[in-house]
Amino acid sequence: MSPPRTPRLAPDRPGSRRNDPALYDALVDHWWRRDGEFAALHWLAEARGALVPPPPRGGAVLLDAGCGGGLLAPHLPAGYHHVGVDLSAPSLALAAREGVAAVRGDVTALPLADACADVVVAGEILEHVDDLEATVAELARVLRPGGTLALDTINATWWSRFSLVTVGERLPGGPPRHCHDPALFVPPERLQALFTRRGIPLEFQGLRFSVPDYLRFLMRRRRSVRMLPIRSLAAVYQGIGRKRT
Ligand SMILES: C[S@@+](CC[C@H](N)C(=O)[O-])C[C@H]1O[C@@H](n2cnc3c(N)ncnc32)[C@H](O)[C@@H]1O
């Protein structure tokens, strides 16, 4: 059986330059295709959802910063008011269909009140922003004291450039072509310093995909690929922290 086919962007299409926000509008039909350009985001959303604690109270607010098409929604514990902020209006429309309260906005200047969120999630967004420091400041500002921050992003290493850009962008299920600008990849030491300064010390773990699952995905015998925890933070990694009270 042939591997899943994922149409790639032509050179003159939006997304032909690296980290072009227009990519997400252009590929909007791919958000919910398990074999589409955003396949790996489904796998990561499942792993991210496992970091989120049960809602601490009725009506607890979870901010999903850079929510895209709302892929996190099915992986959250029940009971959250799931608010998603993103630049891409077509993606937000899909997120709204998943029950996300969709807000158009920029994560470097969130249109939300201080301490409004019980949980802040930043999944595969920090490696896309021009101003990491402003983004961290905003995520910390909207998280209430005692609240939980959960994130996943990509380290700035030769291995992440090779495995996720040089090779990964050419593999079925890998990131869309030109999706990442390696210059924006995020060293965990930098994130730790920025979040700790804002009262949110972090713990990290690395992630890698399950090779048997990926082979079955290629053979169309599995729709999803499990992301497994590893010690190495050299490529994709998760962070979790609690804001000091
Ligand atoms: C790699 S996708 C991740 C989407 C989602 N978190 C997920 O994991 O499925 C990055 C998302 O961030 C959004 N984005 C990029 N820069 C942004 C910014 N400055 N403010 C808000 N959203 C942004 C894009 O539109 C896109 O939906």
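How far is the sulfur of Cys67 from the closest cysteine sulfur, and in which residue does that sulfur sit? In this predicted model, the partner closest to Cys67 is Cys116, with 14 Å between the two sulfur atoms, which is too far for a bond. A disulfide is a covalent bond between the sulfur atoms of two cysteines, and the structure holds zero of them. Cys179 is likewise in no disulfide, since its nearest cysteine sulfur, that of Cys67, is 15 Å away, whereas a disulfide requires the sulfur atoms to be within 2.5 Å. Cys67 is buried, at a relative accessible area of 7%, and Cys179 is buried as well, at 6%.

Attention can now turn to the ligand. Around the ligand there are 18 residues, and those that come nearest are Gly66, Asp86, Asp106, Val107 and Gly123. Several of these residues can be described atom by atom. The side chain of Asp86 places an N or O atom 2.6 Å from an oxygen atom of the ligand. From the side chain of Asp106, an N or O atom is 2.9 Å from a ligand nitrogen. With Val107 it is the backbone that takes part, an N or O atom there lying 2.9 Å from a nitrogen atom of the ligand. On its own the ligand has 600 Å² of accessible area, and the protein covers 95% of this.

A pair of aromatic rings is described by the distance of the centres and the angle of the planes. The structure holds 10 aromatic pairs. One of them joins Trp159 and Phe162, a tilted pair with 6.1 Å from centre to centre and 35° between the planes. These two residues are separated by about one helical turn, because they stand three residues apart in helix α5, which spans residues 158-166. Trp159 is partly exposed, with a relative accessible area of 38%, and Phe162 is also partly exposed, at 39%.

A further pair is formed by Tyr214 and Phe217, whose ring centres are 6.0 Å apart and whose planes meet at 20°, so the pair is stacked. Together with Trp43 and Phe209, Tyr214 and Phe217 form one aromatic cluster.

Conventions:
Residues are numbered from 1 along each chain as its sequence is written. This is a predicted model: local features need pLDDT of at least 70, side-chain atom pairs count only at pLDDT 80 or more; totals for chains, interfaces and linings use all residues. Side-chain values use heavy atoms; hydrogens and water are left out. Buried means under 20% relative accessible area, exposed over 50%, partly exposed in between (1.4 Å probe, protein chains only). A residue is near a molecule or strand if one of its heavy atoms lies within 4 Å of it. A polar contact is a pair of N or O atoms within 3.5 Å; within protein, one must be able to donate a hydrogen and the other to accept it, and residues adjacent in sequence count only if both atoms are side-chain atoms. Accessible areas come from the Shrake-Rupley method with a 1.4 Å probe; for residues, only the protein chains shown count as cover. Rings of Phe, Tyr and Trp (its six-membered ring) pair if their centres lie within 6.5 Å; planes under 30 degrees apart count as stacked, over 60 as edge-to-face and the rest as tilted. Helices (H or I, at least four residues) and strands (E, at least two) are DSSP runs, numbered from the N terminus.
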